[in-house]
Amino acid sequence: VYGDAMFKKIYEKSCQFIKENYKFFLSLIAIFIFFFYELPFVVYKPGGTIDLNSRIEMEGKYESSGSFNMAYVSMMRGNIPFVLLSYFIPNWDLEKTSNITASNESIDDSIKRDRIYLENGLDYATLNAYKEAGKEVKITNVHQIITYIAEEAITDLELGDKILSINNHEFNTLSKLQLYINTLKKEETVDFKVLREGKEKECTAKIFELDNSLKVGISIVEKYEYKTDPELEIKTKPSESGSSGGLMTALAIYNALTEEDLTKGRKIVGTGAIDKEGKILEIGGIKYKLLGAEKAKADIFLCPKENYEEALRVKEENKLNLNIIKVETLKEAIEELQK
């Protein structure tokens with residue numbers, strides 16, 4: 001009886017407190033929603049530059065009188081204040097989340113995939129830089145990392161899984177893995193062994209036919225283990241993602257490996273993904289990267305050939321004081337800077 005009376009007294013006091021302060025609680029809820037509720041949009045705005053010289057750790061590396069810098073885009077999630085500001089601030093652009101993610105994915109999936117692409121891009125940057133510098137790099141292992149699961153896929157595989165084996169077969173190249181899939185039959189169940197968050201998992205996927213080809217409904221990139229001489233460490237931050245820093249990272253590594261200083265005291269900013277053969281690939285967000293480079297007082301801006309016309313248009317529209325150079329390969333970028 002005493003307990004019931006105490007509970008009733010506490011309940012009555014709580015109700016009285018809420019009645020007296022309900023406006024405060026409603027305001028608190030409204031503020032929380034305003035600042036933290038996420039609309040189905042993202043906001044893109046001019047980014048900045050990252051000095052890569054300090055990111056490259058290498059014994060006996062050659063120092064630069066200038067700097068190589070990676071341009072980046074700033075992206076903010078669609079919280080209400082950012083969405084509202086995008087209507088008033090120039091070059092703050094609103095984009096539907098559905099336009100930048102697959103229909104079966106979240107924005108977090110997209111960011112996770114871009115982080116995988118970052119690591120893949122650093123591998124390609126390293127391999128190409130050492131090759132151009134005439135230095136030794138030896139690939140010791142190759143891993144296949146899942147970057148996308150198609151809607152049609154019937155599987156419990158997940159984005160980010162590292163494939164260890166398929167039907168107890170191991171594959172050291174992506175092409176061999178794809179050839180093996182094509183030897184199987186439609187609707188056949190395939191057994192995968194993967195590494196997920198440090199633990200081995202057993203998964204399955206069912207073969208289906210699409211465009212006269214057999215598929216399991218996954219996309220994969222290669223991740224390398226390698227030894228370099230001299231040894232190399234590239235520092236990154238957890239917030240960084242995407243492959244578009246490949247070109248500039250390769251140039252920074254090459255400059256650290258060779259006696260000739262390509263920077264010649266200049267602040268060189270740029271963007272562009274790089275593939276295994278050293279080709280520079282088209283990227284997105286060139287406008288935001290150029291505006292960030294201008295703000296950072298860059299002397300030169302390097303960009304892929306496919307982005308060059310858009311870059312010139314952005315330069316003219318915004319009256320930018322940048323020397324924009326288009327490049328198709330890492331070798332060409334080196335030659336342009338040597339001039």
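Reader: Two strands pair if DSSP finds at least two bridges between them, so in what order do the five strands of the open sheet with mixed pairing come?

Author: The order is β2-β4-β15-β18-β19, where strands (E, at least two residues) and helices (H or I, at least four) are DSSP runs numbered from the N terminus. This is a predicted model, so local features need pLDDT of at least 70 and side-chain atom pairs count only at pLDDT 80 or more, while totals for chains, interfaces and linings use all residues. Residues are numbered from 1 along each chain as its sequence is written, and side-chain values use heavy atoms, with hydrogens and water left out.

Reader: In which sense do β4 and β15 pair?

Author: Strand β4 (residues 67-71) and strand β15 (residues 267-270) are parallel and share four bridges, and within that pairing Met70 stands opposite Gly270 of β15.

Reader: And which strands does helix α5 lie across?

Author: Helix α5 (residues 246-257) lies across β4, β15, β18 (300-304) and β19, and its direction makes an angle of about 165° with β4; contact here means heavy atoms within 4.5 Å. Helix α7 lies across β18 and β19 and runs at about 170° to β19.

Reader: Staying with α7, how does it cross α6, and which residues make the contact?

Author: The axes of α6 (residues 286-295) and α7 (residues 308-317) come within 10 Å and cross at roughly 50°. On the α6 side the contact is made by Ile286, Lys287 and Leu290, and on the α7 side by Glu310, Ala311 and Val314.

Reader: Changing topic, what is the strand order in the open sheet of three strands?

Author: That sheet has the order β5-β1-β6, and its pairing is antiparallel. The edges are β5 (74-79) and β6 (93-96), each pairing on one side only, and neighbouring strands are turned by 35° against each other on average, direction ignored.

Reader: How many bridges hold β1 to β5?

Author: Five bridges join strand β1 (residues 38-45) to β5 in the antiparallel sense, and Lys45 stands opposite Ser74 in β5. Across β1 and β5 lies helix α3 (residues 107-133), which runs at about 165° to β5.

Reader: What does β8 pair with?

Author: Strand β8 (residues 162-166) pairs with strand β7 (residues 136-149) over two antiparallel bridges, with Gln144 standing opposite Ile163 in β8. Strand β8 is also joined by four bridges to strand β9 (residues 189-196), again running antiparallel, and the partner of Lys162 in β9 is Leu195.

Reader: Last one: how many aromatic pairs are there?

Author: A search of the whole structure finds three, taking rings of Phe, Tyr and Trp (its six-membered ring) to pair if their centres lie within 6.5 Å, with planes under 30 degrees apart counted as stacked, over 60 as edge-to-face and the rest as tilted. One of them is Tyr124 with Tyr224, whose ring centres are 6.0 Å apart and whose planes stand at 55°, so the pair is tilted.

Reader: And where do Tyr124 and Tyr224 lie?

Author: Tyr124 lies in helix α3 and Tyr224 in strand β13 (residues 218-229), so the pair ties together parts that are 100 residues apart in sequence.

Notes:
Pairing = 2+ DSSP bridges. Axes fitted to C-alpha atoms, helices over the stretch in contact; angles between N-to-C directions.
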